[in-house]
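Open the model in your viewer and keep the selection tool ready. We will go stop by stop.

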Amino acid sequence: MCLENVNERLNSRYLFEVLVETNMRAVITGSAQPQITRKSLTSLRIPVPPLCEQEKWLIELETLQNAERQVSANNEAIQKMLDALRETIFAP
């Protein structure tokens, strides 16, 4: 599927992020060969707030994603320190 003529009321990055987070199970048809058809997509509703709201949402999403990356990096650093400590405690 592709989009044509997306109007100026829709930030393309906002659309991308909303689609990534959308549960697409309702628009997938077929069991042996799952597919998304144009007809099944007509039931999909995407909220389109004003552009300023879309941009605020994207800023908040980016802040959240940055925080998640930082937490992940911190967890990795903690795990490395614990592994090193474990090695020193149980070294022969």
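**Stop 1: the aromatic pair**

One aromatic pair is counted here, by a rule for rings of Phe, Tyr and Trp (its six-membered ring) whose centres lie within 6.5 Å. Planes under 30 degrees apart count as stacked, over 60 as edge-to-face, and the rest as tilted. Select Tyr14 and Trp57: their ring centres are 5.3 Å apart and their planes stand at 80 degrees, so the pair is edge-to-face. Tyr14 sits in helix H1 (residues 12-21) and Trp57 in helix H3 (residues 51-89), so this pair links distant parts of the chain, 43 residues apart. Helices (H or I, at least four residues) and strands (E, at least two) are DSSP runs, numbered from the N terminus.

A note before you move on. This is a predicted model, where local features need pLDDT of at least 70, side-chain atom pairs count only at pLDDT 80 or more, and totals for chains, interfaces and linings use all residues. Residues are numbered from 1 along each chain as its sequence is written, and side-chain values use heavy atoms, with hydrogens and water left out.

Now colour the pair by accessibility. Is Tyr14 buried or exposed? Tyr14 counts as buried, at 5% relative accessibility. Trp57 has 32% and counts as partly exposed. Buried means under 20% relative accessible area, exposed over 50%, and partly exposed in between (1.4 Å probe, protein chains only).

**Stop 2: a nonpolar patch**

Select Ile78, Met81, Leu82, Leu85, Ile89 and Phe90. Together they make a nonpolar surface patch of about 650 Å². Nonpolar side chains are joined within 5 Å. Zoom in on Ile78, which lies in helix H3. At 42% relative accessibility, Ile78 counts as partly exposed.

**Stop 3: the largest pocket**

What is the volume of the largest pocket? Its volume is about 730 Å³. Select Cys2, Leu3, Leu15, Leu41 and Ile46: of the 20 lining residues, these are the closest to its centre. H1 and helix H2 (38-41) each supply at least two residues of the lining. A pocket is an open set of points on a 1 Å grid where a 1.4 Å probe fits, with protein on both sides within 12 Å along at least five of seven lines; lining residues have an atom within 4 Å of a point.

**Stop 4: two distances**

Select Ala91, in the segment after H3. Ala91 and Asn11 are 56 Å apart, C-alpha to C-alpha, and 80 residues apart in sequence. Then pick Ile36 in strand E2 (residues 35-36). Its C-alpha is separated from that of Thr63 by 32 Å.

Definitions and conventions
Patch = residues over 30% accessible without salt bridge, like charges linked within 9 Å, V, L, I, M, F, W, Y side chains within 5 Å. Areas by Shrake-Rupley, 256 points an atom, 1.4 Å probe, with all protein chains shown as cover. Salt bridge = Lys/Arg side-chain N within 4 Å of Asp/Glu carboxyl O. Points joined across faces, edges and corners; volume = space filled by probe spheres on them.
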